[in-house]
Amino acid sequence: MLNSSEEPLVGVVMGSDSDWRVMHEASAVLTEFGIPHEVEVVSAHRTPDKLISYGREARSRGLKAIVAGAGGAAHLPGMLASLTALPVIGVPVQLKTLDGLDSLLSIVQMPAGIPVATVSINGAKNAGLLAARVIGAADAEIADRIEAYARDLEKQVEEKNVRLKA
Ligand code: RP5
């Protein structure tokens, strides 16, 4: 599924459509920054052949980064990182059991040599922002938008301070 008519630069993938309740935040941030991206369910366990072809073809298809979210035995981000040279940003999705700690540990404890940049449990928004920064490293317009976003956050905090003291 493509979210834009332009060729996607970021792949937002998840182990199940049930992860979308969290992962939509990554997609929303990328849309906000005007970064074309695709959204796809790729399951390490239920669709292993698709996982392998997605990882192997991601770079040649023009993607620059992958945001991968999964819960429980969350092998998707790590397996993708083993199949592609692209940066993979992992999002531990919290399920009903174990408070998401299982997802976090499954993603963060990668063996040396195969890195996954892991964000917090349900941290899909930061994953989208991190992917935007990857794109911004080679695209000044996107980098400018990221700086403007940071300035806006700063402004919001100061406005809250003013209200607090009023
Ligand atoms: C994982 O299993 C998925 O990433 C999801 O978080 C979890 C549960 O999947 P469903 O049973 O909701 O499809 O692979």
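These entries record what I looked up in a predicted model.

**Entry 1: the core.** I began with the largest nonpolar core, which holds 45 residues. Val10, Ala26, Val67, Ala68, Leu76, Val91 and Ala131 touch the most other members. I then listed elements that supply at least two residues each; among them are strands S1 (10-14), S3 (65-71) and S4 (88-93), and helices H1 (20-32) and H5 (124-136). H5 gives the largest share of this core, seven residues. For context, I note that nonpolar side chains tend to be buried together in soluble globular proteins.

**Entry 2: Ala131.** I looked up the contacts of Ala131, leaving aside neighbours within four places in sequence. Ala131 is in contact with Val10, Leu30, Ala65, Val67 and Ile89.

**Entry 3: strand S3.** I found seven of the seven residues of S3 buried. Ala65, Val67, Gly69 and Gly71 point one way from the strand, whereas Ile66, Ala68 and Ala70 point the other way.

**Entry 4: pairing.** I checked the partners of S3. S1 and S3 run parallel and are joined by five bridges; Met14 has Gly69 as its bridge partner in S3. S3 and S4 also run parallel, with six bridges between them, and Pro92 in S4 stands opposite Ala70. From S3 the chain passes through H3 to S4 in a right-handed β-α-β crossover.

**Entry 5: Leu98.** Leu98 sits in the loop between S4 and H4. From Leu30, Leu98 is 68 residues away in sequence and 30 Å away in space, C-alpha to C-alpha.

How values were computed. Residues numbered from 1 in each chain as written. Predicted model: local features only at pLDDT ≥ 70, side-chain atom pairs only at ≥ 80, totals over all residues. Core = buried A, V, L, I, M, F, W, Y, C linked by C-beta atoms within 7 Å. Buried ≥ 20, exposed ≤ 12 C-beta atoms within 10 Å, placed from the backbone. Helix = DSSP H or I, 4+ residues; strand = E, 2+ residues; numbered from the N terminus. Contact = placed C-beta atoms within 7 Å. Pairing = 2+ DSSP bridges. Right-handed = clockwise from strand over helix to strand, strands pointing away.
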